[in-house]
Amino acid sequence: MKTKIDLLKPHISNRELCYIEDAFADNWITTGGGNVDRFEKKIAAFCKKKEVLCVNSGTSAIHLSLILLGVKKEDIVICQSFSFCASVNPVKYLGAIPVFVDSEEQTWNMNPYYLEKAIKECINKKKKPKAIIVTDSYGMPARWKEISSIAEKYDVPIIEDAAEALGSLYYGTNCGGFGDIAIYSFNGNKIVTTSAGGAMLLNSKKQKDEALHYATQAKESNEGYKHDMLGYNYRMSNVLAGIGIAQIESLEERVKQKRQLNQFYFSLLKEATPFTLKQESQDVYSNYWLNCIRSNSISSLEKLKNEFKKERIEYRELWYPLHLQSIYKNCLFYGSGICNQIYENGLALPSSTNLSEKDKSRIAKTLNLFNAG
Ligand SMILES: *Cc1c(COP(=O)(O)O)cnc(C)c1O
């Protein structure tokens with residue numbers, strides 16, 4: 001039987017174990033510690049942000065970001081429907097109410113026109129949104145110029161969900177550099193992984209201290225067990241931070257490899273196939289975390305899925321819009337259904353940076369079945 005080609009495999013260098021050994025040598029394998037400090041500094045240096053707090057997942061990072069922005073029960077938070085559920089579930093953890101916004105065709109991220117419409121209507125109903133969560137989906141930066149100016153105009157803070165976009169740039173600024181707070185994920189399939197983990201990108205020491213307090217059970221001091229608010233156990237393990245240090249040292253190389261893979265798909269798909277590869281616009285440098293296509297024919301898409309299955313090549317459907325999910329189906333949605341269409345005619349292709357030449361030729365052979373010539 002043919003070996004399976006995975007959608008996204010972690011790409012381990014030869015240094016992760018060395019940094020993990022540091023944690024053992026220090027006998028500090030719990031949360032926080034030297035590796036965590038080093039990893040936070042490396043992230044801050046890479047994305048040119050002042051303060052970084054590492055936590056145990058991207059989801060926790062979004063949860064704490066909402067708390068820092070003062071989101072409470074019954075508050076409205078504007079969210080991108082075309083995103084991973086972890087983008088929005090923390091809104092629900094807090095008893096707040098998501099209002100969903102559609103995507104636009106170019107980036108598949110939040111449509112600025114419908115964002116403004118949603119904000120205006122919320123304000124008209126005397127429920128000004130408390131925050132906006134915008135995702136740089138699949139590593140593609142959102143339309144930050146328009147989105148930021150709308151948020152500024154109505155004075156609503158933004159959380160940038162850059163979980164998938166570490167290494168992507170928008171007009172030269174790193175994803176993670178937009179919004180009032182941004183987050184990364186270091187889950188196993190992300191471009192930098194710690195096996196499980198996340199980070200918050202913050203603007204001040206004060207903000208970081210506050211986030212750290214929430215992430216460490218809101219403990220008043222290290223000496224005792226007084227807790228001045230409801231806290232969480234959200235800190236990153238020092239062992240896992242060791243993996244992250246080695247991973248981020250390879251980030252630039254990984255982005256190059258992801259971009260080469262995008263070129264590989266581009267040259268395969270530019271012949272008259274029914275499929276169009278998602279590509280960056282001029283002002284953007286994407287990390288191409290996940291290569292995605294859209295098909296102009298549903299039957300070709302079904303045929304491609306079948307061919308991939310036969311070849312044991314893993315693909316993934318794109319996000320099922322959150323406003324259609326059972327737990328969110330009663331929420332408001334502003335848009336014309338672009339995200340529904342992206343879900344219906346889109347597909348994600350294998351995008352590991354460690355694909356072998358043999359794997360690539362198996363993928364090429366399958367995609368070439370759809371060439372007209
Ligand atoms: C991975 C991901 C998250 C959640 O990160 P975890 O580390 O898995 O909790 C949130 N948003 C998006 C867009 C993601 O891809």
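**Strand β3 and its surroundings**

Strand β2 (residues 76–80) and β3 run parallel and are joined by five bridges. Keep in mind that this is a predicted model. In that pairing, the residue facing Ile76 is Ile97 of β3. On the other flank, β3 also runs parallel to strand β13 (residues 333–334), this time with two bridges. Here Val101 has Tyr334 in β13 as its bridge partner.

How enclosed is β3 by the rest of the structure? Largely, because four of the five residues in β3 (residues 97–101) are buried, and buried here means under 20% relative accessible area.

Now step back to the whole sheet. It's an open one made of eight strands, in the order β1-β9-β8-β5-β4-β2-β3-β13, with mixed pairing. The edges are taken by β1 (51–55) and β13, and each has a single partner strand, so one side of each has no neighbour in the sheet. Further along that order, strand β4 (residues 131–135) pairs in parallel with strand β5 (residues 158–161) through four bridges. Val134 sits opposite Glu160 of β5 there.

Next, the ligand. There are 13 residues around the ligand, and the ones that come nearest are Thr59, Asp161, Glu164, Ser185 and Lys190. By type, the shell divides into three nonpolar, seven polar and three charged residues. Thr59 puts a polar side-chain atom 2.5 Å from an oxygen atom of the ligand. Gly58 uses its backbone instead, with a polar atom 2.8 Å from a ligand oxygen. Gly197 also takes part through the backbone, where an N or O atom lies 3.5 Å from an oxygen of the ligand. On its own the ligand has 380 Å² of accessible area, and the protein covers 92% of that.

Then there are the salt bridges, which come to 22 by the rule used here. Take Asp22 and Arg38, whose closest N and O atoms are 3.7 Å apart. Asp22 belongs to helix α1 (residues 16–25) and Arg38 to helix α2 (residues 34–47), so this pair ties together parts that are 16 residues apart in sequence. Both ends are partly exposed: Asp22 has 29% relative accessibility, and Arg38 has 36%.

Glu280 is in the loop between β10 (275–277) and β11 (284–285), while Arg259 is in helix α9 (residues 251–269), so the pair ties together parts that are 21 residues apart in sequence. Glu280 counts as partly exposed, with 23% relative accessibility.

What about the chain's ends of the numbering? Lys4, Asp6, Glu314 and Arg316 are linked in a network of salt bridges. Lys4 itself is placed in the segment before α1 and is partly exposed, with a relative accessible area of 40%. In sequence Lys4 is 309 residues from Ile313, yet their C-alpha atoms are 6.0 Å apart in space.

Tyr171 is partly exposed at 46% relative accessibility. Its C-alpha is 8.9 Å from that of Gln282, although Tyr171 and Gln282 are 111 residues apart in sequence.

Note on methods
Residues numbered from 1 in each chain as written. Predicted model: local features only at pLDDT ≥ 70, side-chain atom pairs only at ≥ 80, totals over all residues. Heavy atoms only, no water. Near = heavy atom within 4 Å. Polar contact = N/O pair within 3.5 Å; in protein donor to acceptor, adjacent residues only side chain to side chain. Areas by Shrake-Rupley, 256 points an atom, 1.4 Å probe, with all protein chains shown as cover. Nonpolar A, V, L, I, M, F, W, Y, C, P; charged D, E, K, R; others polar. Salt bridge = Lys/Arg side-chain N within 4 Å of Asp/Glu carboxyl O. Buried < 20%, exposed > 50% of the residue type's maximum accessible area, 1.4 Å probe, protein only. Pairing = 2+ DSSP bridges.
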